[in-house]
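User: Please take me through this structure by way of pointed questions, from the overall fold to individual residues. I would like each term to come with its cut-offs.

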Amino acid sequence: MRPFVSLAAAMAASFAVSRLHMRGRDSLVKCLRKVDTFLFRSIGTNVAAAQTEAPPKNEADEKDMRKSLHAVQKERQEQAERSVLISCPNRISKKTFLKYLSRHGDVNKYFFYESYGMYAVVEFANQESVASILEGAVIPNTSHESTVPFKSRLLSIRNLSLVDSSNQQPSQQSQPQTTIPINKLIEMLSKKDSLDQQITCLTEAYQLTEENSRLRFLVCSLLKDIATAYFPESTIRPYGSSVNGFGKLGCDLDMFLDLDGINGRNIKPKTGLLLEYQMKWVVSERAVTQSILSVIGKCVEQFGPGCAGVQMILNARCPLVRFSHQASGFQCDLTANNRVAMKSTELLYLYGELDPRVRCLVFTVRCWARVHGITSSIPGAWITNFSLTVMVLFFLQRRSVPIIPSLNHLRELAGPADESMIEGNDCTFVSDFSKIQLQSNTETLEQLLCEFFEFYSTFAFNKMSISIRKGKEQNKPEVAPLHIQNPFETSLNVSKNVNASQLERFVALCQESSWLLQQSETFTPKNGTTPWGLATLLLPSQVAGIRGRKKKGREAASERIKSLLDSLKNTNQQQS
């Protein structure tokens, strides 16, 4: 499916609104180009859906100017409301393009990316400019097809005067905004002078860019335009990896249809004159969620420009609508009742903001785990990214001088405005950074990575459970190879899917990685081309025969490194 719209070729050029023209492409397009990287960037979402009170008005902590999740969410949403998404010719003239846009108002920011062609995200200084463009938009007509007249902020240029005919190459340099291939990453890491630099380099290469974050909020805003036709004053917010600070380029876009902001909802009736509403009544909140998502799902399928492959998975534990937004390249999941997941998003965001080492270590461990098949995008018995992130947080809590506090400690620091009970679960924790006093831990990223592998090489998985709520081990409440307590729904094990074989591989790989980092051949920087340090840990040959090595014993370090280098060389030859 590819959305098409037309642009009048007259002097007063106009933008045309996307019409629904589904062509049924099943594969998901590669995500956006990497325009810029930003380290320790705050990209947040509003996860206070369960609270009736408004979030605190202070936009940032006065000491360090760290913005709250609510402040970042508000800023991103406002940017998205002032933005349009435009499909452009590859050889578009940027000068002429911007000159036309300036007729409708001042442009705050714009950038180009690739996804089934060239696209531009344009943010205006005010929403009146968006209205001006839409006012002049025309709905294209064809002789052999009918068009659904749904006006959207997803537009397309059909004006040859904006095309640079003198240049046969794309006028705007645009690269897919996805993570770089692992071989390229290994080459980059091999050129660094320290393990700390390698970890930082990996984080910069993998984390979401500001442009990618803006696009995610814009897609939510475009979907909100559809939802508000049925539920005025509702909104759609991103949550999960898109906003918690741990998402990598190319990750899915999880969205939450928030109905709690509708005026008059969750407010106790007052005496006096009340408006009477005829309400539909159903047996449970789950049935309400299924009904709402069924309606929204049908609308997205029929009227959503750029939306294809819509699936309504309404009988899942958390009902959702899944679809591909082809104009952005995102695989999207939309739910309407997943407030605990929203609080988990807020908690991870907070931990990531407390200390920059948190995100760096999470990105590094996640990359290492994906290379070796410990995690997977396919559902199964693998450890999930969320479980792995919790394991990293738990490790940081268990340092001799803790780097981050336990959830229970954050609960003790919470004020009245932080109170949050969701379906009987206590989801309360402090949101004011100034109230959190961290202990002085000066360990380097190098030390932490080495200690992480050592920590889980010897962890008593057979009898102990991981709990970031308490910040310490506790006895397993159930029989399971790996038990990681859900921080909010404490009776649940978030790693219940993991089988004994996968846990055994994880422990064996931790032992192998811990040993490798202790070898001088691995730990010493080379000539800039030979993998060392973190780059060595990411070589594919680490996985082969992992179980057998435990019995055979470890071979000489020099032979081991030689084997790793030969494997990398063979892999490069196969790809070339």
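**From the whole chain to single residues**

User: Among contacts in the protein chain between residues at least 6 apart in sequence, what percentage joins residues at least 24 apart?

Analyst: This is a predicted model, in which local features need pLDDT of at least 70 and side-chain atom pairs count only at pLDDT 80 or more, while totals for chains, interfaces and linings use all residues. Residues are numbered from 1 along each chain as its sequence is written, and side-chain values use heavy atoms, with hydrogens and water left out. Contact means heavy atoms within 4.5 Å, and among the contacts in the protein chain between residues at least 6 apart in sequence, the percentage joining residues at least 24 apart is 71%.

User: What percentage of the 576 residues in the protein chain is buried?

Analyst: The secondary structure of the chain comes to 17 helices and 14 strands, where helices (H or I, at least four residues) and strands (E, at least two) are DSSP runs numbered from the N terminus. Buried means under 20% relative accessible area, exposed over 50%, and partly exposed in between, with a 1.4 Å probe and protein chains only. For the 576 residues of the protein chain, the buried percentage is 54%.

User: How many charged residues does the contact of α10 with α12 have?

Analyst: On the α10 side the residues are M391, V392, F394, F395 and L396, and they meet L448, E451, F452, F455 and Y456 in α12. Ala, Val, Leu, Ile, Met, Phe, Trp, Tyr, Cys and Pro count as nonpolar, Asp, Glu, Lys and Arg as charged, and the others, Gly among them, as polar. By class, this contact of α10 with α12 has 9 nonpolar residues and no polar ones, and the charged count is 1.

User: Which geometry do the rings of F452 and Y456 have, stacked or edge-to-face?

Analyst: Rings of Phe, Tyr and Trp (its six-membered ring) pair if their centres lie within 6.5 Å, with planes under 30 degrees apart counting as stacked, over 60 as edge-to-face and the rest as tilted, and a search of the whole structure finds 19 aromatic pairs. In the pair of F452 and Y456, the ring centres are 5.1 Å apart and the planes stand at 65°. Both residues lie in helix α12, 4 residues apart, about one turn of the helix, and both are buried. From the angle of the planes, the pair F452 and Y456 is therefore edge-to-face.

User: How far from the ring centre of F246 is the charged end of R359?

Analyst: A charge sits over a ring if NZ of Lys or CZ of Arg is within 6 Å of the ring centre and within 35 degrees of the ring normal. R216 lies over the face of F330, at 4.4 Å from the ring centre. The charged end of R359 sits over the ring of F246, and its distance from the centre is 5.9 Å.

User: Is K476 buried or exposed?

Analyst: K476 is placed in the loop between β14 (474-475) and α13 (500-516), and its C-alpha is 5.7 Å from that of K463, 13 residues apart in sequence. Leaving aside neighbours within four places in sequence, K476 is in contact with residues including F461, N462, K463 and P481. With a relative accessible area of 19%, K476 is buried.

User: What value is the phi of E423 near?

Analyst: Most residues other than glycine have a negative phi, and most peptide bonds are trans. E423 is placed in the loop between β11 (421-422) and β12 (425-426), and at 58% relative accessibility E423 counts as exposed. Its phi is positive in a residue other than glycine, near 50°.

User: What distance separates the C-alpha atoms of T530 and I186?

Analyst: T530 lies in the loop between α14 (520-523) and α15 (534-537), and at 21% relative accessibility T530 counts as partly exposed. T530 and I186 are 344 residues apart along the chain, and their C-alpha atoms are separated by 9.3 Å.
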